Amino acid sequence: MGASGSPTASVADVVAVLDARYPPSWAEGWDRVGLVVGEPAAPVRRVHCVVDVVPETVAEALDHGADLIVAHHPLLLRGVSSVAATTYKGRIVHRLIRNDVALYVAHTNADVADPGVSDALAARLGLTDLRPLRPAAPDSPAAGQGRGIGRVGRLPTPMTLDELTAYAARALPPTAWGVRAAGDPARVIRTVAVSGGSGDAYLADARRVGADAFLTADLRHHPASEYVAEDGPALLDAAHWATERPWLDDVADYLRAKLPVEAVVSDLDTDPWTLHASSPASAVDKEPRP
């Protein structure tokens with residue numbers, strides 16, 4: 001209880017609730033999830049939900065009076081030997097500690113969860129009849145109950161690839177990157193696979209499940225061109241941040257339902273690409289390549 005008798009949550013309470021929804025054992029072995037900074041007994045009244053822990057989102061959290069940040073991307077993913085304030089990440093750690101702000105990360109454990117990152121992305125497109133794009137391996141801690149990377153579902157109504165690209169650009173959070181597509185613009189799309197974040201590794205899965213299109217981020221030139229040339233699914237490449245931002249709404253709703261906290265979602269675009277200039281119309285209004 002707080003001084004006024006109203007219920008309050010602690011850092012440990014928030015960690016327990018999030019660990020129950022996104023067990024750390026579901027994370028990949030290389031990942032670093034869970035509580036990064038913070039005293040377990042410290043009180044939490046306001047939680048700030050972000051994709052990236054960067055100086056700008058930390059400043060935003062402090063401006064909003066946050067006691068704890070829930071982030072998708074780990075701040076300290078790779079081993080470090082110093083968090084001195086002379087380093088980029090060290091300065092962030094020092095600022096969090098000085099201001100009594102805890103930090104919690106749910107990354108690949110949130111990717112495979114059901115509901116998880118890709119469920120929120122699929123919901124933005126209105127996809128139904130969802131199933132995992134790559135189900136969790138039978139021997140993994142996350143196995144079963146619809147868990148796994150990505151989702152596959154059906155559009156409310158069929159669209160051409162051209163229409164779907166415009167639709168996705170409207171449905172996703174706006175970025176300078178926007179949404180670009182590979183494939184025949186007139187191809188009719190009924191079934192869509194999605195994967196929040198970098199999706200190169202799941203191209204074969206999108207083909208295996210028979211998706212008409214695959215929406216993800218960070219697609220590279222050669223894998224994308226080879227899949228399109230071999231009649232694979234049409235590809236839609238969105239900004240990494242935009243494909244994971246929808247999940248923050250689910251996290252915030254979950255925390256509000258479980259704990260006496262205020263959960264705020266950051267709409268601060270942390271995608272590194274800040275400008276986009278389209279080529280002249282004469283350069284793009286041409287017959288699609290086979």
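User: How many residues does the largest nonpolar core have, and which have the most contacts inside it?

Analyst: In this predicted model, the largest nonpolar core has 71 residues. Leu 68, Val 70, Trp 247 and Leu 255 are those with the most contacts inside it.

User: Which element gives the largest share of this core?

Analyst: Helix α9, residues 240-258, contributes the largest share, eight residues.

User: And what lies apart from it?

Analyst: Another core, of 15 residues, lies apart from the largest one. Val 37, Ala 61, Ile 69 and Val 101 are among its members.

User: Back to Val 70: what does it touch, leaving out residues up to four places away in sequence?

Analyst: With those left out, Val 70 touches Leu 18, Val 47, His 48, Cys 49, Val 50, Tyr 104, Val 251 and Leu 255.

User: Changing topic, how many aromatic pairs does the structure hold?

Analyst: The structure holds two aromatic pairs. In one of them, the ring centres of Tyr 22 and Trp 247 are 5.7 Å apart and the planes stand at 65 degrees; the pair is therefore edge-to-face.

User: Where do Tyr 22 and Trp 247 lie?

Analyst: Tyr 22 is in the loop between α1 (11-21) and β2 (34-37), and Trp 247 is in helix α9, so the pair ties together parts 225 residues apart in sequence.

User: Is Tyr 22 buried or exposed? And Trp 247?

Analyst: Tyr 22 counts as buried, at 1% relative accessibility. Trp 247 is likewise buried, because its relative accessible area is 1%, under the 20% cut-off.

User: What is the geometry of the Trp 177 and Trp 273 pair?

Analyst: The pair of Trp 177 and Trp 273 is tilted, with 6.3 Å centre to centre and 40 degrees between the planes. Trp 177 belongs to the loop between α6 (161-171) and β9 (179-182), and Trp 273 to the loop between β13 (262-265) and α10 (281-284), 96 residues apart. Trp 177 is partly exposed, at 26% relative accessible area, whereas Trp 273 is exposed, at 53%.

User: Which ring face does Arg 21 lie over?

Analyst: Arg 21 lies over the face of Tyr 254, 4.2 Å from the ring centre.

User: Now Arg 124: which helix is it in, and what does it touch beyond four places in sequence?

Analyst: Arg 124 is in helix α5, residues 117-124, and is partly exposed, with a relative accessible area of 29%. Its contacts beyond four places in sequence include Tyr 167, Ala 171, Arg 245 and Asp 249. A polar atom of the Arg 124 side chain lies 3.0 Å from the backbone oxygen of Ala 171.

User: How far apart are the C-alpha atoms of Arg 124 and Tyr 167?

Analyst: They are separated by 10.0 Å, with the two residues 43 apart along the chain.

Definitions and conventions: Residues numbered from 1 in each chain as written. Predicted model: local features only at pLDDT ≥ 70, side-chain atom pairs only at ≥ 80, totals over all residues. Heavy atoms only, no water. Helix = DSSP H or I, 4+ residues; strand = E, 2+ residues; numbered from the N terminus. Buried < 20%, exposed > 50% of the residue type's maximum accessible area, 1.4 Å probe, protein only. Contact = heavy atoms within 4.5 Å. Polar contact = N/O pair within 3.5 Å; in protein donor to acceptor, adjacent residues only side chain to side chain. Core = buried A, V, L, I, M, F, W, Y, C linked by side-chain atoms within 4.5 Å. Phe/Tyr/Trp six-rings, centres within 6.5 Å; stacked < 30°, edge-to-face > 60°. Lys NZ or Arg CZ within 6 Å of the ring centre and 35° of its normal.
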